[in-house]
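Please keep the sequence and the 3D view at hand while reading.

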Amino acid sequence: MKRIKIFFIVLCSFVVLAALISILLTYKNLSAGIEEIPEKENLIVGFSQIGTESSWRIRNSESIFEAAAEKNIKILFDDAKQKQSNQLKAIRSFIVYQVDVIVFVPIVSDGWDNVLQEAKEAGIPVIVIDRQIDVDSSLYAGFLGENGYEEGKAAGKFLLQKTENMKKQKINILELSGTENSSIAIERAGGFREMIQKDSRLNIIHSEDGDFLRSRGKEIMDRILGMNNGLFLDGEPIDVIFSHNDPMTLGLLESFEKNNISDYPIIISIDAEQECIDALVNGKINCVVECNPNLGPVLMELVEAVAAKKEIPRVTYMEEKVFTENDDFSSYIPRGY
């Protein structure tokens, strides 16, 4: 009987000891697991860019990467390859990842309501850059980019000055427009028209969507030259070309060279890429309105503000210049893009 009691006591001791060891091991594993969860030291920004279609667009992305690196802000980048459907997927993936801030360049102005509502419900602020959107303003924190309307007005103002003393009763304009339904194309067209209506001689005889692409600019001009045997449209001479961006302008210049066009019309472009500034200096273009791609530093300040739950301005415009054939380029600083 005594031996049975001793055996029972020893057995109980082993059970208690095993339980204690199990508890200690479990606690150790839990502690190890907690230590392995990475702490969120830096801000994380989900950035959806529309593509890499131009030097301007590439520089736009580079500016954001550079500014983020200086602030130790991590960028989750997605190239939409010119498709809104890709951007919608990217923004939803940013929401799942629980980034701190979402930044995106909208390809077109509409179709964002649902995904931005999802971001709002997830508590993730959104900053729209470069192109504006047509949604309830409560769905995003603010906009940073260019003033497309003022860019169009600057282009129109130069044309008014350029043609003021031109001895023609009618001055025909060909417009190469940007992507259909994009805010920037709508704004540039509107600003330009507001200015040229001050001179009844200025007349847009044709406007065509070149989708902001160099290839489309060349394609459109090749077709016009081929169908009209020169710089004409339906028998009307083309006196002025207003192009919504530099890549389309460079495409039409390629077409001129290919088709041996030597007598250039007045050409006005927007962006101020180095290649177009070079063409301006060489007398092939008359005016280039700057669209500043270097918004990275300003954007990162806005990112830090909204991440700290501070309000930012509804609209922040970048400073931009106008370059014309009358400028002195002797001390000109290269664009870098």
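## Contact of α2 with α10

In this predicted model, the residues S63, I64, A67 and A68 of helix α2 meet G296, P297, L299 and M300 of helix α10. Sorted by class, the residues of this contact comprise 6 nonpolar and 2 polar, with no charged residue.

Helix α2 covers residues 55-70 and helix α10 covers residues 296-307, and their axes come within 8 Å and cross at roughly 55°. The crossing in which α2 passes α10 is right-handed.

## Contact of α7 with α8

A second pair is formed by helix α7, residues 214-228, and helix α8, residues 246-258, whose axes come within 6 Å of each other and cross at roughly 40°. Since angles count as roughly parallel when they are under 35 degrees, α7 is described as oblique to α8. Here, too, the crossing is right-handed.

On the α7 side the contact involves R214, G217, K218, M221, D222 and L225, which meet P247, M248, L250, G251, L252, E254, S255, F256 and K258 on the α8 side. The residues of this contact divide into 7 nonpolar, 3 polar and 5 charged, whereas the contact of α2 with α10 has no charged residues.

## The largest pocket

The largest pocket has a computed volume of about 320 Å³. It is lined by 17 residues, and of these P125, V126, S138, Y140 and A141 are the closest to its centre. When the lining of this pocket is divided by class, 9 residues are nonpolar, 3 are polar and 5 are charged.

## The second largest pocket

The second largest pocket holds about 210 Å³ of space. Its lining consists of E290, N292, N294, K321, F323, Y332, I333, P334, R335 and Y337, and these residues divide into 5 nonpolar, 2 polar and 3 charged.

Definitions and conventions:
Residues are numbered from 1 along each chain as its sequence is written. This is a predicted model: local features need pLDDT of at least 70, side-chain atom pairs count only at pLDDT 80 or more; totals for chains, interfaces and linings use all residues. Side-chain values use heavy atoms; hydrogens and water are left out. Axes are lines fitted to C-alpha atoms, for helices over the stretch in contact, and angles run from 0 to 180 degrees between N-to-C directions. Helices (H or I, at least four residues) and strands (E, at least two) are DSSP runs, numbered from the N terminus. Angles under 35 degrees count as roughly parallel, over 145 as roughly antiparallel, 65 to 115 as roughly perpendicular and the rest as oblique. A crossing is left-handed if the near helix is turned anticlockwise from the far one by less than a right angle, and right-handed if clockwise. Contact means heavy atoms within 4.5 Å. Ala, Val, Leu, Ile, Met, Phe, Trp, Tyr, Cys and Pro count as nonpolar, Asp, Glu, Lys and Arg as charged, and the others, Gly among them, as polar. On a 1 Å grid over the protein atoms alone, a cavity is a set of points where a 1.4 Å probe fits but cannot get out, and a pocket is an open set with protein on both sides within 12 Å along at least five of seven lines; lining residues have an atom within 4 Å of a point. Grid points are joined across faces, edges and corners, and a volume is the space filled by probe spheres set on the points.
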